[in-house]
Amino acid sequence: MSDLTINIPQNFILGASSSAWQTEGWTGKKDNQDSYIDIWYKNDRHVWYEGYGPAIATDSINRYQEDVDLMKKIGLTHYRTSINWSRFLTDYENAIVDEDYASHYDKFITAMLDSGITPMICLEHYELPAELFNKYGGWGSKHVVELFTKYAQKVFERYNHLVKRWFVFNEPIVIQTRVYLDAVRWPYEQNTNTWMQWNHNKNLATAKVVQLFRNNNYQGTIGTILNPEVTYARSNSKEDQQAAKLYDLFYNRVFLDPAFNGEYPQELIELLAKHHVKWDYSDQELEIIKQYRVDEVGINLYFPHRVKAATKEWNKNMPFHPAYYYEPFDLPGKIMNKSRGWEIYPKIVYDFAMRVKQEYNNKSWFICENGMGIEDEKRFKNSDGIIQDDYRIDFISMHIYWALKAINDGANCGGYMLWAFTDNVSPMNAFKNRYGLIEIDLEQNRARSMKKSAFWFEKLIKTRQLTIKLDDQYK
């Protein structure tokens, strides 16, 4: 082992992320303001770990000032969260603002700014209004795209003088993949046509919001947040390499290419047609996507994805699924986060950075989410009651190391945002796996306390020096 100390560039963001629904709770929520997440929880509560969900979450709607004070203490430069579309409006068709909810964000955003924290605000983080899901089929509807644009206009009008870093979506591929491809989340409908329609309409909505932002000459930047899974083939055989290429095409490039290049890969369009996947799109819509590209892309990176060529014949009675072309590959000897069941492979940061440099003209991006969820963290408390999460410190350190190495090799990576600032609710896992710098104690009225990683992150921000131990010696 050898110690290495690296200086962190002054313009490199060191912040943290969360979302509205995972932190706020339902205080003040009106009966018609359920989101998709809320009705999933209400209809399918038994799949949420120990019954916890968005109803109370971390109660940040009542305790935001405590959270801001902790952000300031740690020294976060940036904080990314979302505004809950389902709660920001009382009438989605006419975009009537709920003044009670909006006033919370008036205060929350101002509190961040007063503490020297740059707010980064996302317009949709799984918070599609349930009313629009039930009435129109959610993001399967072009009308919902127009209603979302109306909502975005109201948000921009209210906060454009305060917020200068905007994002349209967080992880736009997730809900439809879990519901309409894999059928593992409520309402469990396997429909590849709907999956692709949601993909396209979200790409279209992104472009329309960018168009709105630019036409109104709002100051700042408008981006989106994607979660590509850095994909590796089992071997260098042409069959395994093709499996990895096609996995990447269906799950990553379907959003990466429109964000960075303004267009879908032609091969994706051809394969969808080959498998009779029906989705409604027009040349005019494709032109809007091409013309109105985002300024920057936030990237959520947690683990690698490994695949091999399919070894079994596809069941022809099943609807088409991209798994027609691949099978998962379980790498022997991989390092695991056993709590989450995810492989730990920090080099995904460097490999993704080099991909953007080589394939996407080195456009602007940053790590918007990266973190380590651990179960039953209370077992790591010391005599002072502080969780000794050295595993999290090591995890963060190595991912930042690979980001800095990529920058040194010419990558245009603008920073690192930790998931998450506090422990918070995750889909189905609820509070099972804890990700935060700040512990949320469910047995003590959601009391906040800093973990060892929070004190470490505070020092990292203050000194802007990263010291790591490299395992670079043969044994």
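Leaving aside its neighbours within four places in sequence, which residues is Ile-39 in contact with? I will come to that in a moment, after a word on the model. What we have here is a predicted model, in which local features need pLDDT of at least 70 and side-chain atom pairs count only at pLDDT 80 or more, whereas totals for chains, interfaces and linings use all residues. Residues are numbered from 1 along each chain as its sequence is written, and side-chain values use heavy atoms, with hydrogens and water left out.

Back to Ile-39, then. Its contacts beyond four places in sequence, where contact means heavy atoms within 4.5 Å, are Asp-34, Ala-130, Phe-133, Asn-134 and Trp-186. Ile-39 sits in helix α1, residues 36-43; helices here are DSSP runs of H or I with at least four residues, strands are runs of E with at least two, and both are numbered from the N terminus. With a relative accessibility of 8%, Ile-39 counts as buried, and for that term I use under 20% relative accessible area, with exposed meaning over 50% and partly exposed in between, for a 1.4 Å probe and protein chains only. Between Ile-39 and Glu-131 there are 92 residues in sequence, yet their C-alpha atoms are 9.8 Å apart in space.

Let me turn to the strands. Eight of them form a closed barrel in the order β2-β3-β6-β7-β8-β10-β15-β17, with parallel pairing, and the twist from one strand to the next averages 25°. Two strands are said to pair if DSSP finds at least two bridges between them. Strand β3, residues 78-82, has five of its five residues buried, so it is largely enclosed by the rest of the structure. From β3, His-78, Arg-80 and Ser-82 point one way, while Tyr-79 and Thr-81 point the other way, and all are buried.

On one pairing of β3 we have strand β2, residues 13-17, which runs parallel to it and is joined by two bridges; there, Ser-17 stands opposite Arg-80. On another, five bridges join β3 to strand β6, residues 118-124, again in parallel, and His-78 has Thr-118 as its bridge partner in β6. Helix α6 lies across β6, β7 (165-170) and β8 (221-226), and runs at about 160° to β6; the axes are lines fitted to C-alpha atoms, for helices over the stretch in contact, and angles run from 0 to 180 degrees between N-to-C directions.

By salt bridge I mean a side-chain nitrogen of Lys or Arg within 4 Å of a carboxyl oxygen of Asp or Glu. One of them joins Glu-99 and Arg-158, with the closest N and O atoms 3.0 Å apart. Because Glu-99 lies in helix α4 (residues 99-114) and Arg-158 in helix α6 (residues 142-159), this pair ties together parts that are 59 residues apart in sequence. Glu-99 is partly exposed at 46% relative accessible area, and Arg-158 is also partly exposed, at 23%.

Another salt bridge links Lys-142 to Glu-285, where the closest N and O atoms are 2.9 Å apart. Here Lys-142 belongs to α6 and Glu-285 to helix α11 (residues 283-291), so parts that are 143 residues apart in sequence are tied together. Lys-142 is partly exposed, with a relative accessible area of 22%, whereas Glu-285, at 13% relative accessibility, counts as buried. There is also a network of salt bridges that links Glu-377, Asp-389, Arg-392, Asp-423, Arg-434 and Lys-451.

The structure holds five cavities of 30 Å³ or more, a cavity being a set of points, on a 1 Å grid over the protein atoms alone, where a 1.4 Å probe fits but cannot get out, with lining residues having an atom within 4 Å of a point. Grid points are joined across faces, edges and corners, and a volume is the space filled by probe spheres set on the points. The largest cavity has a volume of about 110 Å³ and is lined by 15 residues, of which Asn-203, Thr-206, Thr-224, Pro-258 and Ala-259 lie nearest its centre. At least two lining residues each come from α8 (192-215), β8 and α9 (238-261), and α8 gives the largest share of that lining, four residues.

Notes:
1 Å grid on protein atoms, 1.4 Å probe; cavity = no way out; pocket = protein on both sides within 12 Å on 5 of 7 lines; lining within 4 Å.
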